[in-house]
Amino acid sequence: MTLPAPARSDAEATRPGERFSADWLSRREALDARSRSHCLTGLAADWLAGRPGAHDGAHGILDLGCGSGSNLRFLAPRLPGPQRWRLVDHDPALLALARRHGATLRDPTGGRLTVEASCRDLAPVDDGLLEGGDLVVASALFDLVSRPWAEALVAAAAGRGQALLFTLSVDGDWAFLDTAGERVEDEEDIAVRALFQAHQRRDKGLGPALGGDAPGVLAAAMTAAGYRVESAATPWHLAAGEEAQWSLAEPLVRGCHDAALAQAPEEQARLARWCERRLAGLAAGELGLVVGHRDLLALPPLSARGA
């Protein structure tokens with residue numbers, strides 16, 4: 001889920017001119033790891049291991065908007081070796097942190113990774129952006145980008161015969177849960193969600209953002225480019241009363257409040273009451289949260305280069 005400050009995703013470090021909390025990225029990493037599709041990760045690993053020329057050199061993995069390196073840490077032990085990673089982000093501090101983590105990681109055979117850091121923006125989509133990857137990965141990125149940018153990225157990667165593994169793209173859904181895990185929703189929640197979704201579509205530096213439309217737009221672009229596409233729902237589940245839930249749920253709710261307030265400043269008092277009421281329910285262990293995400297894997301046609 002992509003939120004305004006203080007809660008930011010790894011991918012939000014791609015936004016020009018902003019810096020984001022490594023602490024928040026660390027707090028959300030375990031939840032990301034348990035939410036994402038291990039099945040799609042396995043299929044990506046199989047593709048890398050089986051592609052022509054796979055045993056002639058290292059597998060190239062390109063991580064767009066890498067942030068502090070959560071994708072690197074999750075995927076390195078699960079993808080075949082040897083691995084050559086290229087990490088792309090505009091934030092030099094987070095990029096340096098990700099590279100340091102990469103130096104401590106090993107592939108499944110115990111081999112060291114080769115890790116290159118590239119400090120640059122994600123636009124334009126050019127050869128310099130996509131170089132160095134057989135598999136292009138990104139996590140929690142695509143709600144921030146525009147339709148033209150996403151479509152250009154998919155088309156360019158297809159032309160290079162690259163596979164794509166894009167994880168944890170928000171699908172626009174979120175709701176509170178009761179202690180039985182059932183959705184709890186009233187008119188105020190619906191109103192705040194609508195304001196939040198409108199805020200998601202603001203320009204984040206790459207054109208009007210996709211927000212919750214990202215998974216559908218990506219899947220359509222991948223199919224149009226000739227990819228074989230697999231998809232999996234990967235929601236965040238924070239159960240009511242779950243240990244350590246508060247450190248994630250509290251900034252999520254405050255982020256939703258702040259986004260809604262930015263959209264409707266005239267509703268300040270109403271939104272403050274909503275925020276206080278829902279935070280109280282979370283703190284008391286009476287409420288949990290579910291936030292919808294989706295993972296997508298796109299494999300080149302069997303006749304494509306590198307397939």
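Colleague: Leaving aside its neighbours within four places in sequence, which residues is Ser 146 in contact with?

Modeller: This is a predicted model, in which local features need pLDDT of at least 70 and side-chain atom pairs count only at pLDDT 80 or more, whereas totals for chains, interfaces and linings use all residues. Residues are numbered from 1 along each chain as its sequence is written, and side-chain values use heavy atoms, with hydrogens and water left out. Ser 146 is found in the loop between β4 and α6, where helices (H or I, at least four residues) and strands (E, at least two) are DSSP runs numbered from the N terminus. With contact meaning heavy atoms within 4.5 Å, its partners beyond four places in sequence are Leu 206, Gly 207, Pro 208 and Leu 210.

Colleague: Which residue has its backbone oxygen 2.6 Å from a polar atom of the side chain of Ser 146?

Modeller: The side chain of Ser 146 also has a polar atom 3.2 Å from the backbone nitrogen of Trp 149. The backbone oxygen at 2.6 Å from a polar atom of the Ser 146 side chain belongs to Leu 206.

Colleague: Is Ser 146 buried or exposed, and what is its relative accessible area?

Modeller: Buried means under 20% relative accessible area, exposed over 50%, and partly exposed in between, using a 1.4 Å probe and protein chains only. Ser 146 counts as buried because its relative accessible area is 5%.

Colleague: At what angle do α6 and α8 pack?

Modeller: The contact is made by Arg 147, Ala 150, Glu 151 and Val 154 of α6 with Val 217, Leu 218, Ala 221 and Met 222 of α8. Axes are lines fitted to C-alpha atoms, for helices over the stretch in contact, and angles run from 0 to 180 degrees between N-to-C directions. On that basis the axes of α6 and α8 are 9 Å apart, and the angle is about 35 degrees.

Colleague: Which residues touch the most other members of the largest nonpolar core?

Modeller: A nonpolar core is a set of buried Ala, Val, Leu, Ile, Met, Phe, Trp, Tyr and Cys residues joined through side-chain atoms within 4.5 Å. Among the 28 residues of the largest such core, those touching the most other members are Leu 64, Phe 142, Trp 149, Leu 164, Phe 166 and Met 222.

Colleague: Which elements give two or more residues to this core?

Modeller: Apart from this core lies another, of 26 residues, including Trp 85, Leu 87, Ala 98 and Leu 297. For the core of 28 residues, the elements giving two or more residues are β1 (59-64), α5, β4, α6, β5, α8 (214-224) and β9 (288-299).

Colleague: What is the omega of the cis peptide bond that joins Ala 123 and Pro 124?

Modeller: Pro 124 lies in the loop between β3 (114-119) and α5 (127-130). Another cis bond joins Gly 81 and Pro 82, with omega about -5 degrees, and Pro 82 is placed in the loop between α3 (70-75) and β2 (83-89). For the bond joining Ala 123 and Pro 124, omega is about 5 degrees.

Colleague: What is the phi of Leu 168, which is not a glycine?

Modeller: Leu 168 lies in strand β5 (residues 163-177) and counts as buried because its relative accessibility is 1%. Ala 140, in the loop between β4 (135-139) and α6 (147-159), has a positive phi of about 55 degrees although it is not a glycine. For Leu 168 the phi is likewise positive, at about 60 degrees.

Terms used. Polar contact = N/O pair within 3.5 Å; in protein donor to acceptor, adjacent residues only side chain to side chain.
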